Amino acid sequence: MRSRQLATLTLALCLGLAPVGVMAQDARQPLDRIVAVVNEGAIMNSQLEDRVARTRAQIESQGMQIPPDDVLRKQVLDRLVIEEIQLQMAQEANLSVDDTELNRQVRAIAQNNDMTLEQFADALEADGLSLGVVRDQIRRELLMRQIQQRRVGSRVSISEAEVNRFIEQQGGNMTAEQARQALFQRKANDEMEAWVQEIRSQAFVDERLGAGS
């Protein structure tokens, strides 16, 4: 039971911004194929299958209805494409994640599961993962957050008038800082959605999901 809970937590951490190509290759590798070309990069079928399986497990753990397989695979592939574009942008911008921050994030996950780092590594191994794989997932997630903050955060501006108006709309039951944070999150979400559409339209993407699926 604890292993399943850990897998769900790790997925929750990494799924939204999870990296492309982080799962270990297995016996399927000789039969692997490209399911999408993204600019100069590629997404492999093994990567897609790994993410689909973990997405399905998360949906099941939440008691939600799982979409039809073809719909789920298309949704997951689209997500992987966006992630790959962001990772390429982060690389072009020479962004990096230092080991100190990476280690802090890994320790935080272990602590949130009431585990030592050694126990966390053992639990990951029981789930068919490794600490190295999860470290790589987190590193790439942090890279994508960096590029998002650089490209999206700079688009968001909030005036004092907006803050005051928002406080009034909420009945005056918050501080100016709380109102500013709430407004920033709302605007950032809108800008993120627009930015994702923008970078998707500007990238060269050739999805090959139908071939041999």
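Modeller: Accessible areas come from the Shrake-Rupley method with a 1.4 Å probe, and for residues only the protein chains shown count as cover. On that basis the accessible surface of the chain comes to about 12,100 Å², with 47% belonging to carbon and sulfur atoms. This is a predicted model, in which local features need pLDDT of at least 70 and side-chain atom pairs count only at pLDDT 80 or more, while totals for chains, interfaces and linings use all residues. Residues are numbered from 1 along each chain as its sequence is written, and side-chain values use heavy atoms, with hydrogens and water left out.

Biologist: What makes Asp-69 and Arg-56 a salt bridge?

Modeller: A salt bridge requires a side-chain nitrogen of Lys or Arg within 4 Å of a carboxyl oxygen of Asp or Glu. The closest N and O atoms of Asp-69 and Arg-56 are 2.8 Å apart, so the pair meets the definition. Asp-69 belongs to helix 3 and Arg-56 to helix 2, so the bridge ties together parts 13 residues apart in sequence. Helices (H or I, at least four residues) and strands (E, at least two) are DSSP runs, numbered from the N terminus.

Biologist: Why does Asp-69 count as partly exposed?

Modeller: Buried means under 20% relative accessible area, exposed means over 50%, and partly exposed lies in between (1.4 Å probe, protein chains only). Asp-69 has 42% relative accessibility and therefore counts as partly exposed. Arg-56, with a relative accessible area of 25%, is also partly exposed.

Biologist: Why are Glu-207 and Arg-200 said to meet in a salt bridge?

Modeller: Their N to O distance is 3.6 Å, and the limit is 4 Å, so the pair qualifies. Arg-200 and Glu-207 are also linked with Lys-74 and Asp-78 in a network of salt bridges.

Biologist: How do you know that the span of helix 2 is close to the expected one?

Modeller: The expected span of a helix is 1.5 Å times one less than its number of residues. Helix 2 (residues 45-61) has 17 residues, and its first and last C-alpha atoms are 24 Å apart, against an expected 24 Å.

Biologist: What makes a set of residues a nonpolar core?

Modeller: A nonpolar core consists of buried Ala, Val, Leu, Ile, Met, Phe, Trp, Tyr and Cys residues joined through side-chain atoms within 4.5 Å. The largest such core has 41 residues, and those with the most contacts inside it include Leu-48, Leu-77 and Trp-195. Helix 3 gives the largest share of this core, 10 residues.
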